[in-house]
Amino acid sequence: ALTQLTKAGYSLEILQEVDVVGNNEGRTYDRFRDRLMFPFYDMQGHIIGFSGRIITQKDGVGKYVNTGETPLFTKGKHIFGLYQARKAIGKQGFTYLVEGQFDVISLHHVGIENVVCGSGTAFTDEEVKLLLRFTDNIIMIYDADAAGIKASLKNCELLLRAGAKVKCIRLPRGTDPDDFAKSNGEKTQD
């Protein structure tokens with residue numbers, strides 16, 4: 001990406017400022033090398049940051065890397081998929097809250113468009129306030145593993161304290177919304 005972006009006319013300084021390119025002791029590198037990229041949009045439809053999921057898992061390398069703090073993007077203040085889901089949330093009167101980007105994309109693919117996730121496992125007060133601007137009816141669908149259960153309890157408490165009405169959907173053990181949507185296709189809507 002570094003080579004392609006500089007060839008396209010983007011300066012190295014700008015690429016570093018928006019955290020697409022890193023710098024380690026004067027050596028520049030592509031921060032999202034070997035990752036599948038997911039863009040974060042602001043509420044006007046502008047791309048403001050990225051999350052990158054590693055394609056081939058490696059020891060000592062995190063599964064996800066988000067854009068760092070930039071003038072446009074602050075992790076914990078943005079909700080993945082909210083820009084795309086906002087109309088469906090208004091129409092349906094509620095949103096599904098899931099853990100990851102693949103969950104959002106897979107559910108959207110099978111026709112569930114009122115689905116979002118945070119910019120990390122733990123939801124923040126800022127994300128809660130942003131989501132509550134669109135609905136206070138939230139249905140959580142987290143992974144059916146220990147980490148998913150722990151995150152759902154923490155986020156449920158945070159949402160309830162903010163005045164949200166929260167329900168949870170329990171998936172079969174070892175399943176996440178991405179798996180469930182892929183297995184059930186359009187029946188997922190039922």
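Buried, in this talk, means under 20% relative accessible area; exposed is over 50%, and partly exposed lies in between, with a 1.4 Å probe and protein chains only. Phe94 counts as buried by that rule, because its relative accessibility is 18%.

Some ground rules. This is a predicted model: local features need pLDDT of at least 70, side-chain atom pairs count only at pLDDT 80 or more, and totals for chains, interfaces and linings use all residues. Numbering runs from 1 along each chain as its sequence is written, and side-chain values use heavy atoms, with hydrogens and water left out.

Now the rings. Rings of Phe, Tyr and Trp (its six-membered ring) pair if their centres lie within 6.5 Å; planes under 30 degrees apart are stacked, over 60 edge-to-face, the rest tilted. How many aromatic pairs does the structure hold? There are 7.

Take Phe32 and Phe50. Their centres are 6.3 Å apart and their planes at 65°, so this pair is edge-to-face. Phe32 sits in the loop between β2 (27–30) and β3 (35–41), and Phe50 in strand β4 (residues 47–54), so the pair ties together parts 18 residues apart in sequence. Strands here are DSSP runs of E, at least two residues, numbered from the N terminus. Phe32 is buried at 6%; Phe50 is partly exposed at 26%.

Next, Phe94 and Tyr96. They are edge-to-face too: 5.1 Å centre to centre, 80° between planes. Tyr96 is buried, at 16%.

There is also a cluster: ring pairs link Phe38, Phe40, Phe73, Phe80 and Phe102.

Last, charges over rings (NZ of Lys or CZ of Arg within 6 Å of the ring centre and within 35 degrees of the ring normal). Arg31 lies over the face of Phe32, 5.5 Å from the ring centre. Arg86 lies over Tyr83, at 4.1 Å.

Terms used:
Helices (H or I, at least four residues) and strands (E, at least two) are DSSP runs, numbered from the N terminus.
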